[in-house]
Amino acid sequence: MRSIWKGALTFGLVNVPVKVYSATEDHDVPLHQVHNADGGRIRYQRICEIDGEVVPYADIDRAYDDGEQTVVLTKEDLASLPSERSREIDVVEFVPSDQIDLLTLDKAYYLEPDSSSPKSYVLLRKTLEQTDRTAIVRFSLRQKTRLAALRVRGDVLVLQTLLWADEVREAAFPALDESVRISAKELEMSASLVESFSSDFDPEAFTDEYQEELRTLIDAKLEKGDALDTSETFGEKAEKEGGEVIDLMEALRASVERSRAARGGGSKTSDDGDAGRSGTKTDTKKSTAKSTAKKETDQKAPAKKAPAKKTAEKKAPAKKSAKAS
């Protein structure tokens, strides 16, 4: 990795020299645009509106237009800002870690100690671990003032930029203002479904399926060209069949049963004896057949048990006479 910035973490009179590295990278397959008629590469050029000339990136400045006037800002203008010149990551405060809203987390960076002795770096890391606190810091990077959370990941300090408060939209949805009644049974079944999917999170167990399929498609196109049959490459996935789910309760029951079956846990029946219903027409026919068979068995049962009862009554006096003798 190559560092993108050098500076120092400061809190109080403590100074921790650090190097900053991007903690993440993009794994997407690089694609560019082409003309669909002849495959020619589509390129974008920076053309000046006034003279129609292509402008090199080095000759481009920034500007602000308020609708009436335009203010041009040169690279020297931007570099002269005090915040841009600062090379310090200032700790503003230490807050409980659970107070950081995950919605506000943005770009992540690794911090490497940049001094002959990493003692101050390790001291700050251990302090954050023992106090279960996250440091809120402020610094400037790439012509922006940034707010960030400084936390520990393994043995490394991680700087994760935060969105400003006015960058997070308010979630105002009228549908959520309506009163909704959730029954205890629905909540119980929903909790059971959550339990059936419970596991310890392992990021390496998941892969980007779209990117894998895209690479497979590219390799197949390289080999077969336009003669490629995608159904042969990926196979044809059959559409899921089945009747419509009757209601939310039925959907929960069916989901729990499917999850248990997939994990090899077998199926369990709920208190009312119909946890296995999936809400399909096929299942309705099966349950009707089972109930009909049960009724027929119940009707035949008394006829078989009657003789046994009479025999027991006849044998009873014989046992008494044996005792008397």
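I take buried to mean under 20% relative accessible area. By that cut-off, 20% of the 325 residues of the protein chain count as buried. The model I am reading is a predicted one.

**Entry 1. Overall counts**

I looked up the secondary structure and found eight helices and nine strands in the protein chain. The chain exposes about 26100 Å², and carbon and sulfur atoms supply 51% of that area. I then checked the contacts with a sequence separation of 6 or more, and residues 24 or more positions apart account for 59% of them.

**Entry 2. Strands S1, S2 and S6**

Strand S1 covers 5-11, and strand S2 covers residues 14-22. The two run antiparallel and are joined by seven bridges. I noted one partner pair here, Leu9 with Val16 in S2. Two residues lie between the strands of this hairpin, and Gly12 takes a positive phi near 65°.

**Entry 3. Pro17**

Pro17 is found in S2. I wanted to know which residues Pro17 is in contact with, leaving aside its neighbours within four places in sequence. The list is Gly7, Ala8, Glu112, Pro113, Asp114 and Ser115. Glu112 is 95 residues from Pro17 along the chain, yet their C-alpha atoms are separated by 8.5 Å. I read the relative accessible area of Pro17 as 25%.

**Entry 4. The nonpolar core**

The largest nonpolar core has 20 residues. I looked for the members that touch the most other members, and these are Leu9, Ile89, Leu111, Val137, Leu150, Leu157 and Leu159. The elements that each supply at least two residues of this core include S1, S2, strand S5 (88-96), strand S6 (105-113) and helix H3 (119-131). Strands S7 (133-140), S8 (145-153) and S9 (156-162) are also among them. In soluble globular proteins, nonpolar side chains tend to be buried together.

I followed Leu159 further. Setting aside residues up to four places away in sequence, Leu159 touches Ile89, Lys107, Ala108, Tyr109, Leu111, Val137, Phe139, Ala148, Ala149 and Leu150.

**Entry 5. Two loop aspartates**

Asp132 has a phi near 50°, a positive value in a residue other than glycine. I placed Asp132 in the loop between H3 and S7. With a relative accessibility of 54%, Asp132 is over the 50% limit and therefore counts as exposed.

Asp155 lies in the loop between S8 and S9. Is Asp155 buried or exposed? I read 57% relative accessibility, so Asp155 counts as exposed. Not counting residues up to four places away in sequence, Asp155 touches Tyr121 and Arg125. I also checked Asp155 against Val122: they are 33 residues apart in sequence and 8.4 Å apart in space, C-alpha to C-alpha.

**Entry 6. The salt bridge**

How many salt bridges does the structure hold? I found one. The side chains of Asp61 and Lys75 meet in it, at 3.7 Å from N to O. Asp61 lies in the loop between S2 and strand S3 (62-65), and Lys75 lies in helix H1 (residues 75-79), so the pair ties together parts that are 14 residues apart in sequence. Asp61 is partly exposed at 41% relative accessibility, and Lys75 is partly exposed at 40%.

**Entry 7. Helix H5**

I checked the length of helix H5 (residues 209-224). At 1.5 Å a residue, its 16 residues should span 22 Å, and the end C-alpha atoms are 22 Å apart, so the two values agree. The expected span is 1.5 Å times one less than the number of residues.

I then looked up the buried residues of H5, which are Gln211, Leu214 and Ala220. The buried residues of H5 pack against helix H6 (230-234). An α-helix has 3.6 residues a turn, so residues three or four places apart point the same way. After H5 comes Gly225, with a positive phi near 65°.

Methods
Residues numbered from 1 in each chain as written. Predicted model: local features only at pLDDT ≥ 70, side-chain atom pairs only at ≥ 80, totals over all residues. Heavy atoms only, no water. Helix = DSSP H or I, 4+ residues; strand = E, 2+ residues; numbered from the N terminus. Buried < 20%, exposed > 50% of the residue type's maximum accessible area, 1.4 Å probe, protein only. Contact = heavy atoms within 4.5 Å. Salt bridge = Lys/Arg side-chain N within 4 Å of Asp/Glu carboxyl O. Core = buried A, V, L, I, M, F, W, Y, C linked by side-chain atoms within 4.5 Å. Pairing = 2+ DSSP bridges. Areas by Shrake-Rupley, 256 points an atom, 1.4 Å probe, with all protein chains shown as cover.
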